Structures are given as C-alpha cells and as structure tokens.
Amino acid sequence: MPGKRVVVTGGAGFLGSHLCERLLADGHRVICLDNFLTGVPANVEHLMPNPDFTLTRCDITDFLHVPGPVDLVLHFASPASPIDYLRLPIQTLKVGAIGTWHALGLAKDKGARFLLASTSEVYGDPQVHPQPEEYWGHVNPLGPRGVYDEAKRYAEALTTAYRTSESLDTAIVRIFNTYGPRMRPEDGRAIPTFIRQALAVSPLTVAGDGTQTRSVCYVSDTVDGVLRLAFGDHAGPVNIGNPDERSVLTIAQDVIAITRTTSSIEFVDRPVDDPAVRRPDTTRARKLLDWEPQVEWHDGLRKTVEWFRHAVHEPLSAPPG
Ligand code: NAD
C-alpha cells in the first residue's frame, strides 16, 4: 500500500527508527517526531538525505502540530526500558496520557488511522501463561514499574474511547520484548547489558537465579507485525512477540558463546516486580495478520552482537578460541 504519509512519534528511538526505515523502503513518506528524551538523532541520521523523510524535534506532551495531510499515526513515543522509566516516571506517565491524547487528536483532525504501541507490560507479572489478549493482567499500580504499565493501560483505554465515542480508526499492538541493532548498551535490558558486558570482558550480571523467562523477538519481525496491523483494518489488541521462550540464564550463556568472551556469570538481586514469566499467545497475530516471527534466535543475536561490535564497542582484540 505505497504512498501514505505517516507520522511516527518517538521515531528516533530503537523501534521508531526501524519503523521509519522500513516505511521509507516501502515507498511511504515519514514525519518523525521526537524530543530525544531516550532516543538520539544518530538513529535516523542515515535517513536524512531521503526527501520523503522529515525529522522534527518536539515534545508531544506540549503540543502536536503537523502541517498537511496525514494517513497514519504510529504512536511510539515513550520511555520503554525499566532504567528509563524508573528515572523518568513523570515523563513516562505524561507521554502515555497527554502524549497519547495529542496523538489521537492529530489522527482525528487529519482523518488518519491511529496505532498505539502498547506493551506486554500491561499483563504485569502474569498469572496466566502464555498471555492471550483477553487476559486483563496482574499489575501493581504502586510498584516502581507501575508508571509504565499504568501509562500504557490508560493509553489503551483512551484509544478505545476514541474508537467507540469518536469513531476514530484505531489499532492497539501489544509488543513483547524486542531486541536488535540500535538498542542502547546502557538501557538496562538484559540483552544489550549482557552484550556490553561480554564485549568488555566483564561478568554478565544475571538477576536472581536466571530461571525467569523472556520471549524475545528480533526487531525486523516486530516491525513487520506492527506494519501488518497498521496497514490493515483490525482494532486489536494484537500481541506481537516471539513465543520462543528462554530463561535469562540461557540468554546470558548464548551471549557468552556468540561473543566468545571469557566473561563469567554473576548472580545479582532481582528488581522489584520483575515478571517471572512472559510469553505471548500469538494465535490472533497469526490468524488476523498472517504474521509469525521469521528470525531465529541465534541469527538475531549474531546480528545484534555484530552491530554492537562495530557501532558501539571495539571488537575484542583476541577472542579466545
Ligand atoms: P526508545 O526509548 O528507544 O524510543 C522511544 C522514543 O520516544 C525515544 O526516541 C524518545 O526520545 C521518544 N520520546 C519519549 N517521550 C517523548 C515525548 N514526550 N515527545 C516526543 N518524543 C518522545 O524505546 P523503544 O524500545 O523504541 O520503544 C518504543 C515504543 O514501543 C514505546 O512506546 C514502548 O513502550 C513500545 N514498546 C517497546 C518494546 C521493546 O521491546 N523495545 C516492547 C514493548 C513496547
């Protein structure tokens, strides 16, 4: 469906930058809005020469004005890693509430379809496993992660209200842990942390005993799922994530194997409200979007490690045999 004019809020972040790249490759025009709170202009620098790409620095909680027609609003602006939203609790709540309200208002003014980037965190520390979209979740609103989880739950409610009371064409995608190039090495999430530690030949810090599980999806698969929903007509919510569940300890061991580091594993305290298990039920994505993740874990990890080696860290001088 070429030739759409698409606004991406948070477009200079990890997921947003990959979305902008793929949209341009598919022949769309992209307006990227970002205040660089947790993203960086460098993530989209390579897109700047493209005449179909515009980058505007703005805080979408202040105002959101886009001249000209808009066909689609992809609302991705929000701190997303625990280290960021614990450091930026008010900004996280504001962008989930006021930022989402402004983004919905923009879609309404322009007669555009609106897609909310929600998260598996709306399921909290789940008591149902794997998590289908019908599950209401198990969230502690007063816990440290509440600022993110509740911001996204509110954003889902607001999006739904615009759909039902304003007849806005909306969609909600619940994204599960995604990894790949352009994650920040210091963003606190397990995979970039392990890769950074492995490349620095420091111990890999595994929280708890490492038996807690994560299902991680390579970024190109997540982007593909998001865009299938965005360019379709389903409202969702739809889970997008890789059902291939693995323990945090095995993730650390795989990073050690792929980087060929001599780093050891060090067990540290688990953060408060850290979910014990997380795995998407992707039945709906398969049925409605004909979507399934394509990138195998070791391939995705290898690509991510390569990016970290070249973009972030000098290669290990003498990898052990
Ligand atoms: P990110 O921090 O890399 O990107 C978020 C972007 O939003 C950043 O560039 C940041 O500067 C921008 N931003 C934040 N507040 C803003 C504001 N008020 N105005 C304008 N821009 C603002 O995070 P990410 O991992 O790319 O996540 C993007 C979205 O996807 C988030 O909404 C997140 O909740 C959702 N998500 C991500 C994951 C994941 O695994 N990465 C999983 C679930 C959901």
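Let's start at the ligand. Four elements each supply at least two residues of the shell around the ligand: α1 (14–25), β2 (29–34), α3 (89–110) and β5 (113–119). Keep in mind that this is a predicted model.

How many residues surround the ligand? The count is 30. The closest are Gly-10, Gly-13, Thr-38, Gly-39 and Ala-80. Which element gives the largest share of that shell? That is α1, with 3 residues. Now sort the shell by class. We get 14 nonpolar, 13 polar and 3 charged residues.

Stay with α1. This helix also packs against another one. Two packed helices are described by the angle between their axes and the distance between the axes. Here the partner is helix α6, residues 219–230. The angle between α1 and α6 is about 65°, and their axes are 10 Å apart. Angles of 65 to 115 degrees count as roughly perpendicular. So α1 is roughly perpendicular to α6. The crossing of α1 and α6 is right-handed.

Which residues meet there? From α1, we have Leu-15, His-18, Leu-19 and Arg-22. From α6, we have Val-219, Thr-222, Val-223, Val-226 and Leu-227. By class, this contact of α1 with α6 holds 6 nonpolar residues, 2 polar and 1 charged.

Next stop, helix α5. This one covers residues 190–199. Is α5 largely enclosed or exposed? Look at the count. In α5, 10 of the 10 residues are buried, so the helix is largely enclosed by the rest of the structure. Find them on your screen. The buried residues run through Ala-190, Ile-191, Pro-192, Thr-193 and Phe-194, then Ile-195, Arg-196, Gln-197, Ala-198 and Leu-199. Notice that Arg-196 is on that buried list. Just after α5 comes Val-201, which takes a positive phi of about 55°.

Last stop, a loop. Pro-141 lies between β5 and α4 (146–166). Is Pro-141 buried or exposed? There are 11 other C-beta atoms within 10 Å of Pro-141. A residue with 12 or fewer counts as exposed. Therefore Pro-141 is exposed. What does Pro-141 touch, leaving out residues up to four places away in sequence? Pro-141 touches Gly-146 and Glu-150. One more pair to find: Pro-141 and Gly-124. They are 17 residues apart in sequence. In space, their C-alpha atoms are 9.6 Å apart.

To recap the two helices: α1 gives the shell around the ligand its largest share, and α5 is largely enclosed.

Note on methods
Residues numbered from 1 in each chain as written. Predicted model: local features only at pLDDT ≥ 70, side-chain atom pairs only at ≥ 80, totals over all residues. Buried ≥ 20, exposed ≤ 12 C-beta atoms within 10 Å, placed from the backbone. Near = placed C-beta within 6 Å. Nonpolar A, V, L, I, M, F, W, Y, C, P; charged D, E, K, R; others polar. Axes fitted to C-alpha atoms, helices over the stretch in contact; angles between N-to-C directions. Parallel < 35°, antiparallel > 145°, perpendicular 65-115°, else oblique. Left-handed = near helix turned anticlockwise from the far one by under 90°. Contact = placed C-beta atoms within 7 Å.
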